Every structure is written in structure tokens, then in C-alpha cells.
Amino acid sequence: MKFKEKASSLALSAVLLGTSIAPVSAVTKTEIIGANRYETAAKIADKMGNYDTAILVNADKSLADGLSASSLAGKENAPILLVKKDSIPAATMQRLRNVKRVYVIGGEAAVSQRVVDSLGDVTYIRIQGANRIETSENVAEIVGNYNKAFVVNGNKGEADAMSVASVAARDKAPIILTNGKSSNEVKRPGVKYYVVGGSAVVSNSLVNKFGAIRLSGSDRYKTNRVVVNKFYPNSSKLYFTKGNPLVDALTVSPLAKNDGVVLVSAKSDNSILNGKDTVQVGGMNFGGSAKPDGQKPEENKPVKPEQKPEENKPVKPDGNMNINSDAYQAEFREEFYKLINQHRADKGLKPYSSESSLGELAYLKSKHMGDLNYFEHDYDDSVTQYYKDRWGNNGKYPYLMIEDIYPDVAKVRLIGENIYMIYTDNISAVDLANRTFNKWKNSDGHNQAMLYDDGVYAGLGVYAKNGNTYVTAEFGK
């Protein structure tokens with residue numbers, strides 16, 4: 001008998017479980033996270049070192065005027081700090097104490113004169129236009145000589161502008177906003193133009209007008225990956241921020257100009273971060289503490305029948321066959337711990353210790369997948385509907401984590417999760433342990449989780465339902 005199977009792995013860098021979950025498999029993992037967007041921007045400014053110029057943007061309601069600020073920030077080596085229309089938050093004001101010059105992006109409808117007056121004896125330059133498009137053109141004029149420029153849709157292309165913000169800061173290349181169809185900007189000789197976004201957002205006529213190279217993907221995240229691969233092909237370090245809202249991507253652009261910024265979501269393919277030093281900027285609460293999957297896309301796909309791996313060999317069922325029983329769980333765990341800890345010993349790593357709360361969490365995750373008939377680290381629409389029916393929350397928490405459902409279970413910090421599914425419930429505990437271990441060992445993402453050098457604890461859980469068997473491993477420290 002041959003079995004169909006599939007597996008998936010998720011690597012996490014958590015500040016606090018259930019609040020800030022990051023999709024990374026990295027050499028080093030650091031964070032820049034403030035209590036709010038103003039404080040996050042202020043902390044970014046602190047990491048930029050000494051500066052005597054700052055750029056002020058109102059990002060409360062829209063990034064409209066701020067979209068084009070990154071090129072100026074790069075030219076002036078200035079942080080982008082956030083203000084409200086009529087006031088300056090304390091975190092921002094503290095970072096303005098020693099500056100001599102301030103650029104205010106946008107008219108008084110965005111940043112009022114009251115804010116400017118509160119700056120005291122500081123030279124200020126307001127850059128504004130009749131609209132965001134004209135504002136971007138005026139920013140380009142102040143940037144002055146440049147040999148590269150980016151053309152985006154100023155009404156629908158906020159994410160595209162943020163994808164190139166760090167490049168714009170690095171190369172002092174203006175981001176020129178358009179209506180997607182035409183532009184008053186004149187093509188400059190010696191300037192290399194890039195159109196960011198697909199033809200539905202920026203027309204081919206604009207590509208032709210500027211003799212531009214188009215950079216685009218099927219959504220904002222895939223466009224962002226095209227940009228990062230184009231302009232940061234050999235970067236060993238990447239910053240990452242939420243792809244919606246985009247404010248942190250704007251404020252980190254001058255700091256990340258030499259490394260690149262990756263936009264992430266709970267459902268985006270974030271494998272570009274694997275093997276990199278990473279810096280999380282801002283919180284990662286995706287409307288209910290979701291976990292973006294940081295693994296390569298092929299690790300998250302079911303194995304097709306014609307691609308069945310070699311370990312899909314017939315097995316002889318033996319031993320305890322009641323998968324959901326305590327005896328089966330104990331036998332499975334005993335065999336799996338032998339395999340994984342020998343694997344770690346071969347690599348010079350300390351063994352994983354069994355941790356009861358992680359074991360319970362792993363069992364509950366497997367049971368949850370079996371009961372609700374899904375196979376994901378996050379939860380699909382059918383599971384979302386389950387919570388709509390149960391709580392009447394209108395989908396407020398579409399990407400719940402398992403610890404959100406069982407918040408009192410895990411007692412240690414969760415750093416990774418492997419899941420595995422096999423289309424049979426007729427397999428012995430020893431055979432299932434060996435099959436699961438070999439499947440994960442031969443997959444980079446899963447194997448990395450089994451070999452975390454900072455990993456201390458592991459928990460395992462198995463559950464069978466409707467002829468399928470689900471296995472979960474939770475790793476912690």
C-alpha cells in the first residue's frame with residue numbers, strides 16, 4: 001500500500017506569543033518595535049546615528065504625501081518622522097531636539113502650521129503641491145540631479161512605492177507619482193526609469209514615454225520580491241515590515257537603504273528571508289496574531305501522486321493501532337525523540353527535552369486540523385467560518401494561531417512548528433515516527449526546525465480523523 005502525504009514547516013521569531021510573530025529562518029533576528037507607529041519611527045531614527053535634518057510626514061490617514069519622501073531622506077541622510085495634523089507626538093519631538101532643518105511633506109491639510117510653529121527656532125522647508133502627484137514632482141526637483149527614477153501609480157500604487165522606498169533612499173532616486181496613465185514629468189537624458197506595478201496600474205504608454213523597465217508581480221508582495229531580487233540580489237540582511245499598513249516600510253527606508261525591505265503578510269511567501277539576518281520593523285499582528293509562513297512555497301504544497309517520495313513504501317502495521325490513544329502517543333513520542341535527538345547529536349547539538357505544555361499544544365493542533373479538515377499553520381476560509389458561526393465576530397480574527405484558541409497551554413516561547421499529514425489511519429506508532437522524521441529531515445525548512453541551535457524544548461502530538469493522520473511538532477526555548 002502507498003500513502004499520500006504532505007508536510008509544512010513554520011519558523012517563528014516571537015517577541016510575545018500571540019502579539020508579534022515574524023516569518024523568519026535567519027542567522028540573526030532583531031527587532032525595531034515601538035508602542036505605536038510614531039515610536040517605531042523614532043526608534044528607527046535612533047539607529048541612524050547623528051543627523052541634523054529630519055523629514056516630517058503625516059501618516060495617520062494616508063501615505064499620500066509621504067510616498068515620495070524616501071529619496072529626499074536618502075539625499076539628506078535624514079530620518080522620516082511621523083506627526084499628526086495638528087500636533088507632534090512626544091516620541092517624535094524628542095528626536096527633533098537637535099535638528100537644524102526640517103522638511104515638511106504636504107500642505108496644511110496634512111501638516112498644519114501649528115505643527116511647524118511648535119518646532120521653534122528651526123529652519124523648515126514645506127514641500128507641497130496641488131495633489132500628491134505634484135508633491136512628488138516637487139520633491140524630485142529638490143532631490144536635484146539623479147540618474148535613476150521610479151514611476152508609480154500615486155492613487156493605487158502605495159505598496160509599489162513602498163517596495164522601492166529603500167532603493168530610492170540609497171540611490172537618491174525620486175519616486176514619481178502619476179495617475180497611472182499620463183505624467184507631466186519630462187523624461188530626463190541619462191536617467192534610467194523603472195515603472196513599478198503591472199499594466200493594470202501603470203499603463204504601457206508611461207513605460208514607453210520614459211523608456212522604462214517594468215517591475216511587477218501579481219500582487220504587492222510578489223512585486224516587492226521582484227524589486228528586492230533586482231536591487232538587493234546579494235544582501236545578507238533584510239528588514240521586513242507589514243505590507244498593510246505600509247507606514248513602517250516608509251519610515252525604515254533610509255535605515256534599510258543598503259539592505260532592502262521585504263513586505264510580509266500572514267499569507268505571503270516569505271522564503272526570501274530564509275538564511276538572512278533579519279530585522280523586524282513594527283508589530284506583526286495580522287488581525288488576530290497570525291503567523292506568516294516563512295518557508296519555501298514548495299514545502300506548503302501537497303505532494304502530487306506522480307511526485308510521491310521514496311519513503312512512500314508499504315509498511316506493515318504493527319503495535320498499537322489506536323492512534324488517538326495515550327498509549328499510541330507515548331510510543332510515537334518515544335521513537336521520534338530517539339530519532340530527532342540522535343540527529344541533533346550527530347550535528348553537535350544538545351537534545352530536545354520533552355515539554356508537556358508543548359506536547360499538549362501539538363496534540364491540540366493536530367486534533368484541530370483533523371476535526372476541521374484542513375492542513376495549514378494558519379486557518380482557511382472554512383475554519384474562519386467556524387469561528388464566525390461560533391463567536392459571531394464577522395471574521396475579525398481570520399488567521400488565528402493555535403495558541404489563541406488554547407491561550408493557557410504553552411508555557412515556553414514557541415520558535416517553530418512542523419506539521420505532517422498522511423492519508424491513512426492504519427499505521428503503527430513506530431512507522432509513523434520514522435516516516436515523519438525522514439520526511440522532515442529531507443526538507444530544508446523542516447530539518448532546520450529540528451536542528452535549531454537555540455532550541456531547548458519540543459512537543460509532539462498525533463491525531464487521526466476520517467482516515468487521515470495529522471502530526472504536529474512544536475519547538476520552543
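Contact means that heavy atoms lie within 4.5 Å of each other. The model is predicted, so that local features need pLDDT of at least 70 and side-chain atom pairs count only at pLDDT 80 or more, while totals for chains, interfaces and linings use all residues. Residues are numbered from 1 along each chain as its sequence is written, and side-chain values use heavy atoms, with hydrogens and water left out.

**Figure 1. Overview of the protein.** The protein has 16 helices and 18 strands; helices (H or I, at least four residues) and strands (E, at least two) are DSSP runs, numbered from the N terminus. Of its 477 residues, 58% are buried. Buried denotes a relative accessible area under 20%, exposed over 50%, and partly exposed the range in between, with a 1.4 Å probe and protein chains only. Among contacts with a separation of 6 or more, 72% join residues 24 or more positions apart.

**Figure 2. Surroundings of Ser253.** Ser253 is located in the loop between helix H10 (247-252) and strand S13 (261-264). With a relative accessible area of 0%, Ser253 is buried. When neighbours within four places in sequence are left aside, Ser253 is in contact with Ser70, Ile80, Ala165, Ser166 and Ala169.

**Figure 3. Surroundings of Ala45.** Helix H1 (residues 37-47) contains Ala45, which counts as buried at 0% relative accessibility. Residues up to four places away in sequence not being counted, Ala45 touches Tyr51, Pro79, Leu81 and Arg95. Ala45 and Val252 stand 207 residues apart in sequence, and their C-alpha atoms are 8.5 Å apart in space.

**Figure 4. The aromatic pair of Tyr193 and Phe210.** The structure holds 10 aromatic pairs. Tyr193 and Phe210 form a tilted pair, at 4.8 Å centre to centre and with 35° between the planes. Rings of Phe, Tyr and Trp (its six-membered ring) pair if their centres lie within 6.5 Å; planes under 30 degrees apart count as stacked, over 60 as edge-to-face and the rest as tilted. The pair links distant parts of the chain, 17 residues apart, with Tyr193 in strand S10 (residues 192-196) and Phe210 in helix H8 (residues 204-210). Tyr193 is buried at 1% relative accessibility, and Phe210 is likewise buried, with a relative accessible area of 1%.

**Figure 5. The aromatic pair of Phe336 and Phe437.** The ring centres of Phe336 and Phe437 are 6.2 Å apart and the planes stand at 80°, so the pair is edge-to-face. Because Phe336 lies in helix H11 (residues 326-346) and Phe437 in helix H15 (residues 429-441), the pair ties together parts that are 101 residues apart in sequence. Phe336 is buried, its relative accessible area being 1%, and Phe437 counts as buried at 6% relative accessibility. Phe332, Phe336, Phe437 and Trp440 form one aromatic cluster.

**Figure 6. Packing of H11 and H15.** The axes of H11 and H15 are 8 Å apart, and the helices pack at an angle of about 35°. These axes are lines fitted to C-alpha atoms, for helices over the stretch in contact, and angles run from 0 to 180 degrees between N-to-C directions. On the H11 side, the residues that meet H15 include Tyr328, Phe332, Leu339 and His343. On the H15 side, those that meet H11 include Ala429, Leu432, Asn434 and Lys441. The residues of this contact of H11 with H15 comprise 11 nonpolar, 3 polar and 3 charged. Here Ala, Val, Leu, Ile, Met, Phe, Trp, Tyr, Cys and Pro count as nonpolar, Asp, Glu, Lys and Arg as charged, and the others, Gly among them, as polar.

**Figure 7. Arginine residues over aromatic rings.** Arg170 lies over the face of Tyr232, at 4.9 Å from the ring centre. Arg344 is placed over the face of Tyr352, at 4.1 Å from the ring centre. A charge sits over a ring if NZ of Lys or CZ of Arg is within 6 Å of the ring centre and within 35 degrees of the ring normal.

Figure 8. The peptide bond from Asn244 to Pro245 is cis, with omega near 5°, and Pro245 lies in the loop between strand S12 (237-242) and H10. Asn77, although not a glycine, has a positive phi of about 50°; the loop between helix H2 (69-76) and strand S5 (80-83) holds Asn77. Asn77 is partly exposed, with a relative accessible area of 36%. Lys172, a residue other than glycine, has a positive phi near 50° and is found in the loop between helix H7 (165-171) and strand S9 (175-178). At 36% relative accessibility, Lys172 counts as partly exposed.
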